[in-house]
Amino acid sequence: MSGHTVATHLVASLAEHGVRRVFGVPSESFTILMEALRAEPALTFVTARHEGGAAFMAEAHAAASGEVGVVLGGRAVGAANLSIGVHTARENSTPLLVLVGQINSRHRGREGFQETDVAAFLGPVAKYAVEESDPRRVPDAVDRALQLALRGRRGPVVLSLPEDVFDHPADAAPARPATVTRPEPSAADAAALRVLLSRAERPVVIAGAGVKQGGAEAGLVAFSEAWQIPVVAAWRRHDVFPNDHPRYAGHLQMGTHPELVATVREADLVLAVGARLNEITTQGYTAPDRRQRIVQVDVEPGQLGKTYPLVLGVHADAAHTLRALGAPAAPRDPAWADQRRAAYLRVTTVEPAEHPDCVDNRQIVRALRAGLPDDAIVTNDAGNFAGWLHTFFRFPLARTYVGAASGAMGYALPAAIGAKLAEPDRTVVSVSGDGGFLMTVQELETAVRLRLSLVALVFNNNMYGSIRMHQERAYPGRVIGSDLGNPDLVGLARAFGAFGARVTADADFPAVLRTALAQPGPAVIEIVTDPEQISVWSTLTQLREGTT
């Protein structure tokens with residue numbers, strides 16, 4: 001390693017870990033590191049227009065590729081801007097290395113330009129955060145950060161490095177990937193869980209990120225078939241189980257239809273596999289309720305029993321656990337699972353219809369599913385518009401959905417960029433509302449510059465619809481701050497150099513989608529929606545009249 005510096009060591013370590021892209025906004029704190037990146041043929045630096053967008057790209061790239069995501073931000077302002085992506089990676093359990101360039105060590109504590117305690121600032125939203133100012137210890141810090149991002153419950157690790165450490169000599173070999181062991185269930189835990197499952201008449205699986213992170217999707221299908229158990233997807237984990245499978249029973253989202261919630265509420269055993277049982281998944285901690293029998297399986301022991309009392313907590317990897325359970329001793333009655341599948345189909349099936357003079361969001365989602373290949377990747381933003389996607393779009397394959405469990409607005413477009421870079425041969429579509437799209441619309445220039453063929457759908461109702469819904473529910477007719485005035489989104493797309501089109505009738509959408517998918521670069525489709533249709537199950541009038 002003679003002649004190597006801290007900067008070249010760091011870059012070599014990223015390459016050893018299979019990192020292909022580093023996302024960020026250039027900073028003077030990283031000048032030496034940027035030169036090392038330029039000289040490394042295995043790595044590409046992806047320049048974003050905002051650190052928040054860069055962090056979303058890196059997180060989504062990691063989610064789509066299975067690699068560690070890497071994002072750079074300079075000093076306090078860069079750290080503040082990318083913090084939304086750190087929080088999103090934590091909520092999504094996505095491995096992300098966050099590199100923040102700190103001010104020169106000589107100036108720390110003296111009101112240095114853009115100075116802050118980065119580790120203290122980002123620590124609460126990261127899995128781990130540390131600042132290392134001793135260049136001799138940076139190689140070990142890099143190695144530990146990359147390992148921590150991947151071990152147990154995966155997540156974002158922040159490493160703050162003062163600008164003066166990068167040109168110091170580094171004699172250590174590049175950090176190489178370590179074997180990440182996934183815990184297996186004990187024989188006693190597996191036996192106890194088999195007994196609980198055998199005695200249950202109405203069991204249900206809530207499947208979460210742990211299934212995806214552990215590559216246990218196929219194992220979950222085999223388990224549900226063997227035990228005749230319905231599976232519901234945790235919040236924004238749509239692709240954890242094939243939606244067209246007879247044992248799939250729905251997705252637990254904001255405002256889940258009561259018939260789908262009943263699958264959890266009526267269960268006599270709830271098996272949470274890699275699912276955190278958070279507020280949205282559990283419908284405000286009401287489904288299941290504390291009286292139900294709950295088993296939780298998780299690679300992170302601190303998650304077991306964190307939100308509910310358990311009859312059994314299994315500290316283990318999802319794939320290992322499902323494999324250890326095997327098949328039941330005797331065939332099981334499929335009636336309960338069939339009943340819950342029938343409920344799902346009743347609620348989510350959309351019969352084809354065309355409206356030549358208006359947009360029905362259900363028909364847009366139906367046509368979107370029909371117009372995309374099964375392996376298309378869909379990213380989505382936060383907002384009430386997403387309710388239609390969450391309810392009516394069906395994900396037939398694993399690794400086809402990338403979404404922010406954090407509910408961060410502005411996520412979908414930069415996430416689509418990250419996903420498309422990770423999977424360039426697959427169709428990628430982002431789904432946003434007008435509010436979220438305009439929070440990160442500057443990243444459309446990034447997509448144009450990189451010549452990425454992706455499609456951005458924008459449901460435009462000229463408001464922050466989710467906030468408006470809450471306002472109307474609490475204070476009917478008394479609105480503040482949720483009305484928006486938008487620019488010409490088609491003209492804006494074209495100004496960036498992207499294809500732009502507007503849809504005012506759902507009958508026109510399939511043809512416009514085909515045209516957009518055929519573009520050699522990014523395409524934006526504005527979908528003009530009726531503000532009256534405030535959510536999947538209610539209108540503004542119904543909210544004001546209290547009839548929902």
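Guide: A residue counts as buried when its relative accessible area is under 20%, as exposed when that area is over 50%, and as partly exposed in between (1.4 Å probe, protein chains only). The model is predicted, so that local features need pLDDT of at least 70 and side-chain atom pairs pLDDT 80 or more, while totals for chains, interfaces and linings use all residues. Residues are numbered from 1 along each chain as its sequence is written, and side-chain values use heavy atoms, leaving out hydrogens and water.

Visitor: Which residues of β6 lie on one side and which on the other, and are they buried or exposed?
Guide: Strands (E, at least two residues) and helices (H or I, at least four) are DSSP runs numbered from the N terminus. Strand β6 spans residues 156-162, and seven of its seven residues are buried. Pro156, Val158, Ser160 and Pro162 lie on one side, Val157, Leu159 and Leu161 lie on the other, and the state of all of them is buried.

Visitor: Over how many bridges does β4 pair with β6?
Guide: Two strands are said to pair if DSSP finds at least two bridges between them. Within this pairing, Val100 has Ser160 of β6 as its bridge partner. Strand β4, residues 96-102, runs in the parallel sense to β6, and the count of bridges is seven.

Visitor: Which residue stands opposite Ser160 in the pairing of β5 with β6?
Guide: Strand β5 (residues 128-131) also runs parallel to β6, and four bridges join the two. The residue that stands opposite Ser160 of β6 is Glu131.

Visitor: Which are the edge strands of the open sheet of six strands?
Guide: The strands of this open sheet follow the order β9-β8-β7-β10-β11-β12, with parallel pairing. An edge strand pairs on one side only, and the two that do so are β9 (248-251) and β12 (312-315).

Visitor: Which element gives the largest share of the lining of the largest pocket?
Guide: On a 1 Å grid over the protein atoms alone, a pocket is an open set of points with protein on both sides within 12 Å along at least five of seven lines, a cavity is a set where a 1.4 Å probe fits but cannot get out, and lining residues have an atom within 4 Å of a point. The largest pocket holds about 800 Å³ of space, and of its 41 lining residues the closest to the centre are Gly383, Asn384, Ser466, Met469 and Ser535. Two or more lining residues come from each of α14 (386-392), α16 (434-437) and α18 (465-474). The largest share, six residues, is that of α18.

Visitor: Which element gives the most to the lining of the largest cavity?
Guide: The whole structure holds four cavities of 30 Å³ or more, and the largest has a volume of about 250 Å³. Of its 24 lining residues, the closest to the centre are Ser93, Ala209, Gly210, Gly274 and Asp298, while α8 and β11 each give two or more residues to the lining. By class, that lining divides into ten nonpolar, eight polar and six charged residues. The element that gives the most, with three residues, is α8.

Visitor: Which element gives the most to the lining of the second largest cavity?
Guide: About 60 Å³ of space lies in the second largest cavity, whose lining includes His238, Tyr248, Gly250, His251, Tyr344 and His390. This lining has four nonpolar, eight polar and no charged residues. The element that gives the most to it, with three residues, is β9.

Definitions and conventions: Points joined across faces, edges and corners; volume = space filled by probe spheres on them. Nonpolar A, V, L, I, M, F, W, Y, C, P; charged D, E, K, R; others polar.
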